[in-house]
Amino acid sequence: MYSASDLKKGLRIKIDNEPYIITEFNFVKPGKGQALYRSKLRNMITGAQFERTFRSVDTFEPADLQEKKMQYLYKEEEKYCFMDNESYEQVFLTEEQVGEAKNFFIDNLEVEILFFEERPLGVTPPNFVDLIVVKAEPWAKGDSVSGKTKPVTLQTGYQIQVPPFIEEGEKIRVDTRSGEYLTRVKG
Amino acid sequence: MRDNWRLTKNQAALHIRARMICAIRDFFISKDYLEVETPSMITAPIPEPHIDAIPCGDLFLHTSPELYMKRLLAAGYPKIFQICKCFRAGERGAFHLPEFTMLEWYCQGMDYRLLMKECENLIISIVHNLGYGNEIHYQNKTLNLKKPWETISVRDAFTCFAPIQMDEAVKEDLFDEIMVSHIEPHLGIEQPTFIYDYPVSGATLAKAKEEEPDIAERFELYMGGIEIANACSELTDMKEHHTRIEKVQQYRYSMNKPMYPVSDYFLHDIAHMPEAAGIALGVDRLAMIFNNTSVIDDVVAFTPERG
């Protein structure tokens, strides 16, 4: 059982026996008022999205989902293909089901595929993925002092803010939960 | 060294923040306010329906310096201010840190209307100190700081922006939800906005209006849709203090919230409370406006997650 203060982006809860994922979450508290938890939820089966504001007294059941380790294979006609390494079973997810996780898909990446009663619903990449920078402006000396960041493009097409000393061809580690740069990877 | 970029990233914001705090001190000292310090570890947190304290050994970390500053006021310190860290359990979001910096000041003989004027003057003086003109840019909008700032009563704000009227919202227990979703996004967009005359139910230690006992002489300042300060004409009536505190205790008990002792010292000293107005202003939030960011993390060096 979750309480409203456990809610966060990515959490999966059950409402009316269907699984929902929290896609946006914000803690707010109007002056002297009570804590409110403004959330956007997506029905993981129908894809329907809606907004809901919860109070701290609200409670939630976790969604009844199974996760299975699979490998990312390829993308074909807006479908993403994954394979179970033991049974060689293949499943497909749509662009929408994959969501932001596609920013981290490199060949043979091991991911968790989410099932609801045998139906694949979504995918979670590992928390950390190392990706190559394919496009970056050169480092203007002195920028590290002012603490600015610059945008670069990674091998998956993902654009990300990084410290200015990161250059083209380097590998960086990205936290897939926040989508943020973590550190430079040597070698 | 390079991997410390998260700490260097907010450098410009931390400079602005430090200059703000300097400007705040200059303003109050030039107006003959006395800077005071009150305990952070206390026995009896303020009775508020929706503010929870963080325990600290046998004591609590203060959620605001209000009670102690009022005791000073009652003891004959007519103009006092304080800049301090405050601590609140369970508050974390884009505008909230469980440990945040508060500016609080009290002035004997003022009421909430006069306090709005002083609040205007303070913020304009900070703005000039930071080298900005009468316009600042926040989240792709221009905030015009020329006096007088916009004022709107809570009742009128409901009429303008909400699907139902204020009294109905209070009755239906929807006040907070409507405030957040329908009203706050409209406040302080072109000019800073004072929204005033709140239902007394949400203003524990604020004075009620003589002609309208259900309404408290309380205001909030909004800039860019963000609540920056909360103020009121202070409650002075001894009996009313007891009634209000009792009500909060009952509410907290009914909601299964942690219960806090009531300070006998406070209740004793408050008997000499003069007519006064007081205000609490979130320093981090104001720093967000001047740094044009919508996330409080950008104006502090460390957040609890990266402690």
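Reader: Which element gives the largest share of the lining of the second largest pocket?

Author: Please keep in mind throughout that this is a predicted model. As a general idea, rolling a probe the size of a water molecule over the atoms shows where empty space is left. In this case, helix 8 of chain B supplies the largest share of the lining of the second largest pocket, namely 6 residues. That pocket holds about 1,100 Å³ of space, and among its 47 lining residues A:K32, A:Q34, B:P49, B:H50 and B:Y251 lie nearest its centre. Sorted by class, the lining of this pocket has 21 nonpolar, 13 polar and 13 charged residues.

Reader: How many cavities of 30 Å³ or more are there, and what lines the second largest cavity?

Author: The count comes to 2 cavities of 30 Å³ or more. The largest cavity has a volume of about 570 Å³, and of the 39 residues that line it, B:R88, B:M102, B:E227, B:N230 and B:A280 are the closest to its centre. Strand 12 of chain B gives the most to this lining, with 6 residues, and by class the lining of the largest cavity has 18 nonpolar, 8 polar and 13 charged residues. The second largest cavity holds about 40 Å³ of space, and it is lined by B:A44, B:P45, B:P47, B:L67, B:I245, B:P261, B:V262, B:S263 and B:F266, a set with 8 nonpolar, 1 polar and no charged residues.

Reader: Turning to the helices, why do helix 2 and helix 10 of chain B count as oblique to each other?

Author: Angles of 65 to 115 degrees count as roughly perpendicular and those over 145 as roughly antiparallel. Helix 2 and helix 10 of chain B pack at an angle of about 120°, with their axes 10 Å apart, and they are therefore oblique to each other. Helix 2 of chain B passes helix 10 of chain B in a right-handed crossing, where B:I16, B:R17, B:M20 and B:I21 of helix 2 meet B:V283, B:D284, B:L286, B:A287 and B:F290 of helix 10. By class, this contact has 7 nonpolar, no polar and 2 charged residues.

Reader: At what angle do helix 5 and helix 7 of chain B pack, and is their crossing left-handed or right-handed?

Author: Helix 5 and helix 7 of chain B pack at about 60°, with their axes 11 Å apart, and helix 5 passes helix 7 in a left-handed crossing. The residues in contact are B:V154, B:A157, B:F158 and B:F161 of helix 5 and B:F175, B:I178, B:M179, B:H182 and B:I183 of helix 7, which by class amount to 8 nonpolar, 1 polar and no charged residues.

Technical notes: Residues numbered from 1 in each chain as written. Chains lettered and ligands numbered in written order. Predicted model: local features only at pLDDT ≥ 70, side-chain atom pairs only at ≥ 80, totals over all residues. Heavy atoms only, no water. Axes fitted to C-alpha atoms, helices over the stretch in contact; angles between N-to-C directions. Helix = DSSP H or I, 4+ residues; strand = E, 2+ residues; numbered from the N terminus. Parallel < 35°, antiparallel > 145°, perpendicular 65-115°, else oblique. Left-handed = near helix turned anticlockwise from the far one by under 90°. Contact = heavy atoms within 4.5 Å. Nonpolar A, V, L, I, M, F, W, Y, C, P; charged D, E, K, R; others polar. 1 Å grid on protein atoms, 1.4 Å probe; cavity = no way out; pocket = protein on both sides within 12 Å on 5 of 7 lines; lining within 4 Å. Points joined across faces, edges and corners; volume = space filled by probe spheres on them.
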